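User: I'd like to learn how to read a fold like this one, feature by feature. Can you walk me through it?

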Amino acid sequence: MKKTSFEPDKLALTKQDILDFCDRVIEKWNKNPQKNATNILAMNAVKTSVLWTDDESLKAIWGEIIAWTMELLYENALAQGKATGDNWSEVMKKIKNKK
């Protein structure tokens with residue numbers, strides 16, 4: 001068996017995996033449909049676009065989403081820290097202690 005390199009930003013999920021994720025989110029939001037009506041509509045649009053998109057494009061698009069997620073989480077944590085007056089080391093301690 002040939003060992004391949006690990007690339008955490010490379011999409012390994014299938015189209016069906018992404019659709020299942022969308023369904024789980026919609027199911028969660030359907031517990032309070034009045035509050036989440038706009039979100040449900042938007043997620044159904046995402047689901048439809050996934051259905052219509054070819055596998056190579058899905059890999060490119062969702063690969064970027066995955067790659068940006070870590071950066072966005074980091075930037076979001078720093079922005080929250082800035083809003084509360086914490087410096088970056090205090091934010092990192094809070095993230096570490098969240099485990």
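User: Let's start with contacts. Leaving aside neighbours within four places in sequence, which residues is Leu19 in contact with?

Analyst: Contact means heavy atoms within 4.5 Å. With neighbours within four places left out, Leu19 is in contact with Lys47, Val50 and Leu51. Keep in mind that this is a predicted model, where local features need pLDDT of at least 70, side-chain atom pairs count only at pLDDT 80 or more, and totals for chains, interfaces and linings use all residues. Residues are numbered from 1 along each chain as its sequence is written, and side-chain values use heavy atoms, with hydrogens and water left out.

User: Which residues make up the largest nonpolar core?

Analyst: In soluble globular proteins, nonpolar side chains tend to be buried together. A nonpolar core here is a set of buried Ala, Val, Leu, Ile, Met, Phe, Trp, Tyr and Cys residues joined through side-chain atoms within 4.5 Å. Buried means under 20% relative accessible area, exposed over 50%, and partly exposed in between (1.4 Å probe, protein chains only). The largest core has 6 residues: Leu11, Ile18, Leu19, Val50, Leu58 and Trp62. The elements giving two or more residues to this core are α1 (15–29) and α3 (55–84). There's also a second, separate core of 5 residues, including Cys22, Val25, Ile26 and Met43.

User: And the elements themselves, how many helices and strands are there?

Analyst: Helices (H or I, at least four residues) and strands (E, at least two) are DSSP runs, numbered from the N terminus. This chain has 4 helices and 0 strands.

User: Is Thr53 buried or exposed?

Analyst: Thr53 counts as buried because its relative accessible area is 19%. You'll find Thr53 in the loop between α2 and α3. Beyond its neighbours within four places in sequence, Thr53 contacts Lys15, Leu58 and Ile61.

User: How do I read a helix pair, and at what angle do the axes of α3 and α4 cross?

Analyst: Two packed helices are described by the angle between their axes and the distance between the axes. Axes are lines fitted to C-alpha atoms, for helices over the stretch in contact, and angles run from 0 to 180 degrees between N-to-C directions. The axes of α3 and α4 come within 9 Å and cross at roughly 120 degrees. On the α3 side, Tyr74, Ala77, Leu78, Gly81 and Thr84 meet Trp88, Val91, Met92, Lys94 and Ile95 of α4.

User: Where is confidence lowest?

Analyst: pLDDT is the predictor's confidence in each residue, from 0 to 100. Where pLDDT is low, the predicted coordinates should not be read in detail. Confidence is lowest in helix α4 (residues 88–97), at a mean of 75, and highest in helix α2 (residues 33–52), at 97.
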